[in-house]
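Reader: I would like a close look at one helix packing, with the cut-offs spelled out. Keep it brisk.

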Amino acid sequence: MPRTQTVSPDVTKGVGFGLAAYLMWGCFPLFFALFEGIPAYEVLIHRVLWSCVFLVGLVTLLRRWSPVTEALRHPRRLGRVLACAVLIGLNWGLYIYAVESRQVLQASLGYFLTPLVNVTLGLLVLRERMLRLQGVAVALAGIAITIQLVMLGEVPWISLALALTFGTYGLLRKQVPLDGLSGLFVETLLLMPLGLLALAWLSEAGLSHFLADHRSTLLLIASGVITALPLLAFAGAARRLRLATLGFLMYLNPTIQFLIALLVFNEPLTPAQLATFILIWCGLALYSWTAWQGRPREVQDA
């Protein structure tokens, strides 16, 4: 009988989660640009707190407390979850800072770099095989960063930090033995005590914008829901897909951010930045080709 290839239902669901996550993330600059006058660190505090509050309601509604309580009964097993929490907290803060300082192009570059970081982490940590063209793609990314260093005289640290924190988060999240919703809730729960202490300090010092006016208060509360939804979708995708596939889907996010930076925020694109993006895009084209060639790995014979 002829062989037919069908996509695994789990893979299909993972792709759907990934598309939803990256489309929402791509539009994030438009939302976080609304926090004008509110420092990035304060927005980060409320992202943590209100994400946790939103997830409490969601876990209760779906009656999913069992895996959460089971995870919390064994604190020694929470090392990777804590590492995920720290990494995602750093990533959130850096991203807010990039948007508030109108460096969305750097943020876009960081998320363009992330798939290549995923390939490198897959090689170094998961012992995944790096194909020749993938090696060339990673080398092009290295050349691109060098060009910015030489021509602009500075390392694009926002781009590199965003790529490294989110790439490593994806790697560790894939290894956490919790479903997407439970894992995300435990991550935000671990960050919540620090967020409450920071909020108390801001209030005591008279620096808090929360409850200062209706607009700021509603935006800060909304930041939790806006933050949790794509992360929840990403966690569902990370549990079902290979790192290479996650990286392929991720192109949507930085592409939307790139267009927003140029067309909405009117950020200047210097020749050095343009050269950097072109090299990264070439690297991603090679990477995409290898991912396409390897696509039978995610289908099964029927």
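At what angle do helix α6 (residues 104-124) and helix α8 (residues 157-175) pack, and how far apart are their axes?

Author: This is a predicted model, where local features need pLDDT of at least 70, side-chain atom pairs count only at pLDDT 80 or more, and totals for chains, interfaces and linings use all residues. Residues are numbered from 1 along each chain as its sequence is written, and side-chain values use heavy atoms, leaving out hydrogens and water.

Helices α6 and α8 pack at about 45°, and their axes lie 7 Å apart. Helices here are DSSP runs (H or I, at least four residues), numbered from the N terminus. Axes are lines fitted to C-alpha atoms over the stretch in contact, with angles from 0 to 180 degrees between N-to-C directions. The two helices are therefore oblique. Under 35 degrees counts as roughly parallel, over 145 as roughly antiparallel, 65 to 115 as roughly perpendicular, and the rest as oblique. The crossing of α6 and α8 is right-handed, meaning that the near helix is turned clockwise from the far one by less than a right angle.

From α6, the contact (heavy atoms within 4.5 Å) takes in residues including Leu109, Leu113, Val117 and Leu121. Among the α8 partners are Trp157, Leu160, Leu164, Phe166 and Leu171. By class, this contact has 14 nonpolar, seven polar and no charged residues. Ala, Val, Leu, Ile, Met, Phe, Trp, Tyr, Cys and Pro count as nonpolar, Asp, Glu, Lys and Arg as charged, and the others, Gly among them, as polar.

Helix α6 also meets α5. Their axes come within 7 Å and cross at roughly 140°. Asn91, Tyr95, Ala98 and Val99 of α5 touch Val104, Ala107 and Tyr111 of α6. Six of these residues are nonpolar, one is polar and none is charged. Ala107 and Tyr111 also belong to the α8 contact.

Now α5 itself. It covers residues 79-100. Its 22 residues reach 32 Å from first C-alpha to last, close to the 32 Å expected, which is 1.5 Å times one less than the number of residues. Just after α5, Arg102 takes a positive phi of about 55°.

Helix α5 has another partner, α9. The axes of α5 and α9 come within 9 Å and cross at roughly 75°. That makes α5 roughly perpendicular to α9. In this contact, α5 residues including Val81, Leu82 and Trp92 meet α9 residues including Val186, Glu187 and Leu190. The tally is nine nonpolar, three polar and one charged residues.
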